[in-house]
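Here is a short report on selected local features of this structure.

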Amino acid sequence: MTTDFQDSLDYVKEKDSSDPLAKFKNEFLFPKNSNGEKAIYFAGNSLGLQPKQTKSFIDQELLDWARLGVEGHIQAKNPWLPYHELLTEQTASLVGAEPIEVVCMNSLTVNLHLMMVSFYKPTSTRYKILIEAGAFPSDQYAVASQAKFHGQNPQQAILELKPRAGEDLLRPEDILKTIDEHGDSIALVLLGNVNYLTGQCFDMESITKAAHKKGCKVGFDLAHGAGNLFLELHKWGPDFAVWCSYKYLNAGPGAIAGCFVHSRHAKNVDLAKFCGWWGHNKKTRFAMGPEFDPLEGAESWQLSNPPIFQLAALRSSMDLFHKAGMFALRKKSDHLTGFLEYLLNKHSLCEIITSKNVKERGTQLSLRFQKNPKQVLEALHKKNVFADFREPNIIRAAPAPLYCSYQDVYGFVEILKEALAE
Ligand SMILES: *Cc1c(COP(=O)(O)O)cnc(C)c1O
């Protein structure tokens, strides 16, 4: 990437004034300090900020509930029965999927389990799940419990990808080699993309291809990918993907999550599946018959009628993503994160674990502080800067391109310099 970075306030002001996405900052509510100054918020990979319009999206449903009671299912301005369908097209476009491949439902770990019910089918010879060593704990618990559920010993069933000695990141060629060598015994390849701790982004297309060649199923946990990476899930071809909507997607704490199931499985009625009435044929759902007649595609994994307020909050946020466009967001993010990297390196403030290669990262940089990392974070927080700490010595900083500016990045580094001088 060609870069024109400069370490000056004039430069960042010029960058912000010529940034076509800069106007979106004003669409969000920021935590403020006692002087009323907006925070520099680099924790959007943990909990995204609240869009100003979210309140009106939720208020509409509160109003219709008050006005209409149960009739709101049909009579609300946006009727609740098909309400989740309002999200289908924008969600499909966000992750590069066909509409039939996506649904918003449940929460992330629940969706991961539902997907493993369908796509982790261990046999006596093919029973392993390949994950990253140090995967997000919920994912580790989920895969271990699935292995046990199938009568497997998690110690034997879970195969972990570890970086080489002395390295922090997995080498892409090592991932492919492991799949090639162990593929015959692997039932499911499941990687978190972007990795929550290191910020490493994996090439989903080559991993999917290598795994499918060996007859493995492939799923991705896109908790740190949705709303961050430019995704083409349909084309890349994993069997499934799951993500949450409260990180980069700004749909609020505990927001309703997303799920992708590739269209090659859309009509497969033989796939093992845990079922509920919201996955049933919409035309006959209220005939209340005893036989399950599944919808086609990802919607058929729905269990319950969904939480409308959460879907409303997600619609508000997806509206902004749709207006900004994921391609433009990724482009700004590459530049903004590159600028943060440039300043941190120029002033030798910390070690950056995340890859230098923009194709191997998203928005987040994981910074290693050998000395007093917790104090560094506290000092940042006192100065109205949000980032987060992960044991033992990593601070994660994610300048989300939808509401972070070049001035924020510049300010972050200025404040970090002061914090380290203390
Ligand atoms: C944030 C995150 C989770 C959290 O799971 P929930 O079910 O939403 O609580 C799980 N896995 C990964 C990789 C995450 O980054």
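Val194 sits in the loop between E7 and H9. A cis peptide bond joins Asn193 to Val194, with omega about 0°. Helices (H or I, at least four residues) and strands (E, at least two) are DSSP runs, numbered from the N terminus. The model is predicted: local features need pLDDT of at least 70, side-chain atom pairs count only at pLDDT 80 or more, and totals for chains, interfaces and linings use all residues. Residues are numbered from 1 along each chain as its sequence is written, and side-chain values use heavy atoms, with hydrogens and water left out.

The loop between strand E7 (186-192) and helix H9 (204-213) also holds Thr198. Is Thr198 buried or exposed? Thr198 counts as buried, at 12% relative accessibility. Buried means under 20% relative accessible area, exposed over 50%, and partly exposed in between (1.4 Å probe, protein chains only). Beyond its neighbours within four places in sequence, Thr198 contacts Asp168, Leu169, Ile353, Thr354, Gln364 and Ser366. Contact means heavy atoms within 4.5 Å.

Ser185 lies in the loop between helix H8 (172-182) and E7. Ser185 is buried, with a relative accessible area of 15%. Not counting residues up to four places away in sequence, Ser185 touches Thr125, Arg126, Tyr127 and Lys128.

Another cis peptide bond runs from Glu391 to Pro392, with omega near -5°. Pro392 is in the loop between strand E14 (388-390) and strand E15 (394-397).

| Residue | Phi | Relative accessibility |
|---|---|---|
| Asn250 | about 60° | 3%, buried |
| Asn372 | near 45° | 44%, partly exposed |

Asn250 is in the loop between strand E9 (240-243) and strand E10 (258-261). Asn372 is in the loop between strand E12 (365-368) and helix H13 (373-382).

Now the ligand. Residues around the ligand include Phe136, Asp139, Asp221, His224, Tyr246 and Lys247. A side-chain N or O atom of Asp221 is 3.2 Å from a ligand nitrogen atom. A polar side-chain atom of His224 lies 3.2 Å from a ligand oxygen atom. For Lys247, a side-chain N or O atom is 2.5 Å from an oxygen atom of the ligand.

Last, a helix pair. The axes of helix H1 (residues 9-17) and helix H14 (residues 406-421) come within 8 Å and cross at roughly 150°. That makes H1 roughly antiparallel to H14 (over 145 degrees). Leu9, Val12, Lys13, Lys15 and Asp16 in H1 meet Tyr406, Gln407 and Tyr410 in H14.

Key: Axes fitted to C-alpha atoms, helices over the stretch in contact; angles between N-to-C directions. Parallel < 35°, antiparallel > 145°, perpendicular 65-115°, else oblique. Near = heavy atom within 4 Å. Polar contact = N/O pair within 3.5 Å; in protein donor to acceptor, adjacent residues only side chain to side chain.
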